[in-house]
Amino acid sequence: MGATLVKTFFDFKDSIDDDTEFLIFGIPWDSLSSLKGVDSANGPSKLREITDDLARTTEDGFDITSFNASDLGDIEIDPSNTERNLIKIEEFIKKLYNPHKSPKMVMIGGDHYCTYPVVKAIGDLVLEKEKFGVLVFDAHVDFYEIWEGKTHSHTMVSYRLFGLDFINNKNLLIVGTRDIDNVELENLQENKIEYINAYEVNDNNLQEVEGKIVKFFKSNEISKLYVSIDIDVLDPSIAPGTGYAIPGGLTYRQLWNILRELPKNFDVIGFDLVEVSPGLDLPNRITQVSGAKLIVEFMSFIANKI
Ligand SMILES: [Mn+2]
């Protein structure tokens, strides 16, 4: 269980009951980032903090204070012990995730590698594994096999997800890409991994892109989705506070609209938002605001399916 929290996300309660619909938790871990100077380990606490300054309704007019959500705090991380952290994260999920009647899991990172143990643990437990899929929003494909001699790094999170027993090229899709390295491209082609480049997403064809995402999973009989949002999928003009800011990203509204479509078509069993580095943000904390808003808006789409 997480450490005692001074401040929870949108002041949600810190305990669980039988009806809890969303379980929020943080993973303050950024030591597998390939960059110096990032501080996404501060993401969970800073995203909670900023919710004090945000209004209590969603854009569709839902009362956020009425959400049945709990914020259990952060998983305790030892930056020098990768193996221990991976085990700890999996244990945390496995204690809380009930495949028969589970609250939706909402993870706040941390660097993108935090997604790997979360998906691994949920995927191990989920019933009807053949219906499970993962949708990743990211400027990058994170498809290196090895990075500076290491096999654990945020530069390879999608590659590691692909390596899981229950993940293949029919249930993993990456959206918003625009910074793919040569070896990654070879890897994608060799393994026939599908991805949608950021330039393919524009306001004129947003519905087409949404249709493409839905069709990818539906035609492969996928009905349960885990969604991972790397904040760098957004254009750096709206989300500059991240390590690998790449131009040409999605607008906030495009991502919001795509997220809005997902629960209408799939059972979204969990999601995460990672790679917000508060120390790199602008003084008005726009990246942190974008991250916190995306989380709560996506929760409302899932709860209300509007
Ligand atoms: Mn990325």
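Is glutamate 275 buried or exposed, and what is its relative accessible area?

Analyst: In this predicted model, glutamate 275 is buried, because its relative accessible area is 6% and anything under 20% counts as buried. Glutamate 275 lies in the loop between strand E8, which covers residues 267–274, and helix H8, and its backbone has a positive phi of about 75° although the residue is not a glycine.

The side chain of glutamate 275 takes part in a polar contact with the side chain of histidine 154, at 2.7 Å. Histidine 154 belongs to the loop between E4 and H4, and with a relative accessibility of 4% it also counts as buried. Setting aside neighbours within four places in sequence, histidine 154 is in contact with Leu32, Ser33, Ser34, Asp111, His112, Tyr113, Asp142, Tyr244 and Glu275. Glutamine 254, by contrast, is 100 residues from histidine 154 in sequence, and the two C-alpha atoms are 25 Å apart in space.

Glutamate 275 is also among the contacts of isoleucine 231, a residue placed in the loop between E7 and H7 and counted as buried at 0% relative accessibility. Beyond its neighbours within four places in sequence, isoleucine 231 is in contact with Ala239, Thr242, Leu273, Val274, Glu275, Val276, Thr287, Gly291 and Leu294. For a sense of distance along the chain and in space, isoleucine 231 and isoleucine 24 are 207 residues apart in sequence, while their C-alpha atoms are 17 Å apart.

The manganese ion has as its protein donors Asp138 (OD), His140 (ND1), Asp230 (OD) and Asp232 (OD), which lie 2.2 to 2.4 Å from the ion. Along the chain these donors follow the spacing D-x1-H-x89-D-x1-D. Histidine 140 lies in the loop between strand E4 (132–137) and helix H4 (157–162), and aspartate 232 in the loop between E7 and helix H7 (252–265), so this pair ties together parts of the chain that are 92 residues apart in sequence. Both histidine 140 and aspartate 232 are buried.

Strand E7 itself spans residues 224–230 and includes serine 228, which is buried with a relative accessible area of 0%. The side chain of serine 228 makes polar contacts with the side chain of aspartate 272, at 2.8 Å, and with the side chain of threonine 115, at 3.3 Å. Leaving out neighbours within four places in sequence, the residues in contact with serine 228 are His112, Thr115, Leu135, Val136, Phe137 and Asp272.

Not counting residues up to four places away in sequence, leucine 280 touches Gly37, Val38, Asp39, Pro240, Gly241, Thr242 and Gly243. The C-alpha atoms of leucine 280 and tyrosine 116, which are 164 residues apart along the chain, are separated by 24 Å.

The peptide bond from glycine 109 to glycine 110 is cis, with omega near 20°, and glycine 110 is placed in the loop between strand E3 (104–109) and helix H3 (115–125). Phenylalanine 10, like glutamate 275, has a positive phi without being a glycine, in its case about 50°. Phenylalanine 10 is found in the segment before strand E1 (22–27), and it is buried, with a relative accessible area of 3%.

How values were computed:
Residues are numbered from 1 along each chain as its sequence is written. This is a predicted model: local features need pLDDT of at least 70, side-chain atom pairs count only at pLDDT 80 or more; totals for chains, interfaces and linings use all residues. Side-chain values use heavy atoms; hydrogens and water are left out. Helices (H or I, at least four residues) and strands (E, at least two) are DSSP runs, numbered from the N terminus. Buried means under 20% relative accessible area, exposed over 50%, partly exposed in between (1.4 Å probe, protein chains only). A polar contact is a pair of N or O atoms within 3.5 Å; within protein, one must be able to donate a hydrogen and the other to accept it, and residues adjacent in sequence count only if both atoms are side-chain atoms. Contact means heavy atoms within 4.5 Å. Donors are N, O and S atoms within 2.8 Å of the metal (3.2 Å for Na, K and Ca); water is not among the atoms, so sites may look incomplete.
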